[in-house]
Amino acid sequence: MSGVGSTEPQGHAGLAGVSRTKAERAQQLLSLADDELILGWRDSEWTGIAPTLEEDVAFSSIAQNEIGHARALYELAAVELGTDADALAFDRAPDDYRCAPLVELHLLEWAHTIARRYLYEEADRVRIEALMRSDDTELAGLAAKIDREETYHRLHAELWAARLRDEPRFRSAVEELWPYALGVLEPELRPELARRVGLEVVPAQERGAHTPELAELWDEMTEVRRSIPGAQW
Amino acid sequence: MDARTQEFLGYVQDGGQVEATDWLPDEYRQKLIKFIEMHANSELMGVLPEREWILKAPTLQRKLALTAKVQDEVGHAQLIYRVAEDLGKPRDEMFADLISGKAKFHNVFHYPTKTWGDVGVIAWLVDAAAIISQKALLKCSYAPYARIMKKICWEESFHILHGRDVILALMTGTDAQRELVQEALNRWWGPLMQFHGNPIPREEDPMFVWRIKSQGNEEARQQFLEGYVPQIWELGLTVPDPNLRRTDDGVWEYSEPDWAELKSVVTGHGPRSQDRLAFRARFLEQEQWVRDAIAA
Amino acid sequence: MIFEVFRQEKKGQAFAHAGSVEAPDAAFADAWAREQYGRRGESEALWLVPRTSIHAITEWADEFDLKYRRVDGYSIKSRLAEARERASAKSSGA
């Protein structure tokens, strides 16, 4: 059962009585937004080449939802930082992104892709639950909206995880990505994730240092935008 | 032609429609499957030039819109392949024939995309040419195909808006952006003029004779020119054909399209034909284990 | 397995056949049909039915031409005209 009462893990968002600076809030929003943008970008790469046509359509909806979540989060951050969502999404240098390494990995192979979806949805759910309890009512409200849309993502991830449960390549992909999944969450939320997934807490692949894959992704993602800086598209 | 087939022909020429479970003359069934299969293949292969640009889309809105557009095309492929499957050809066999070159896909999807200008031109003009052909299928004598065309045409209406918006953003942008559009148009004009096929009179076109489509090739091309050349000109763009003009009778005259190029391209000799088929083959093979795993 | 998809566009309307999806089971059919037939919010509801559960009826026997079972089997117009004529002839005095 999920924790209730004093042992319940509290993320930064849930620390009542501790006021965060605008900068801290912006950084938290950017972490969340960057995770969703980069994962959405990775997931959108499957459009047209998923294992079946029916799955292709469904998976593309998930990728679009992730980009939509990213956009909503960037819009909140943009207000704090005096800029706009597109500038935050595209005009920062690769080192300035605050995404977790999990979403940066180039995994154009189905077992790894589903393993990542499954682990990310579990981690994100723990995170969203904490955010929905936050004193930050604006962020809590957005988290609730995101949570409702995630119902489909969870249904989809669980469906595939159940179907591939006995596939060796899926099981090994989950094990391989597990330290990365832990790195999506703040340390105090990791035991809860471990409990839900049924694995032990291990040293995580922490946020902060980026994989070389992010820089490659960024190059491709920003190629057109950089070709004519400041242009309307 | 035997009496039963003759009767069937009369029936469809009178506007009659048939279902999957009705008796179909062999000739009709074969031609139908081939036509539908080529349409499905085209939707599927059309995804490949466009999906590169999903990854490079320069704003969040464009990324969402382009992903949705390409998603629709995959969805159309699904709808159309299903119709062909119900006519008796399994999906795996259609994929195998596509990869081997035995089955074809439309010319426009054999060409490279080079810039964001291509993204605009494809969504605005290539899709427009395709929509004209698709509308001519709404009354197809084979009812299951006619019915899915309704959903397809509805979804295409979003694509037209998207295409127009991309083009207008570029045309009201910098000189460099306007140049992207003109340059893309210069490259796409030839394939666009070939797209609807050579001007075989419709009475000699089996697709029209059997009322699979309700319009001949030249009729479709004229409709495209009538609808879109004014739009091109009003934006200050030039069409790279000095002979393009509209006569007083409302007929468009133009330089003879390169029919040899069309033939060469659709038989797999286009600039990107082979590497796109190889890309598709690679993922089909790579993910075969997934289809096996979920079928089990 | 092929699942036929029936779609209700607006509340109160009939469900109409919209197409089909190929899926290994109902759970996958649900996940996939949702997006193929509802991603733009264009459907109020969907029914998914395995094709093997559909029992089709396409042939009918109508040998004895029982017109009274159809709307066109009645010649109301001419009889009504006659009845009205009689009524007005009567009221205008015989």
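How many residues of chain B are in contact with chain A, and how many of chain A with chain B? The count is 34 residues of chain B against 35 residues of chain A, where contact means that two C-beta atoms, placed from the backbone, lie within 7 Å. Before going on, bear in mind that this is a predicted model, with local features needing pLDDT of at least 70, side-chain atom pairs counting only at pLDDT 80 or more, and totals for chains, interfaces and linings using all residues. Residues are numbered from 1 along each chain as its sequence is written, while chains are lettered from A and ligands numbered from 1 in the order in which they are written.

Back to the side of chain B that touches chain A. Helices 2 (26-56), 3 (60-86), 7 (175-195), 11 (273-286) and 12 (288-295) of chain B each bring at least two residues to it; helices here are DSSP runs of H or I with at least four residues, strands are runs of E with at least two, and both are numbered from the N terminus. Helix 3 of chain B gives the most, with 13 residues. By class, this side has 19 nonpolar, nine polar and six charged residues (Ala, Val, Leu, Ile, Met, Phe, Trp, Tyr, Cys and Pro are nonpolar, Asp, Glu, Lys and Arg charged, and the others, Gly among them, polar).

Leaving aside residues up to four places away in sequence, Pro25(B) touches Thr5(B) and Phe8(B).

Now for chain C. Its two helices and three strands run β-β-α-β-α from the N terminus. With a radius of gyration of 25 Å, well over the 12 Å that the globule rule gives for 94 residues, chain C is more spread out than a compact globule; the radius is taken over C-alpha atoms, and the rule is 2.2 Å times the number of residues to the power 0.38. Along the principal axes, the C-alpha atoms of chain C fill a box of roughly 80 × 35 × 10 Å. Of its 94 residues, 17% count as buried.

Conventions. Buried ≥ 20, exposed ≤ 12 C-beta atoms within 10 Å, placed from the backbone.
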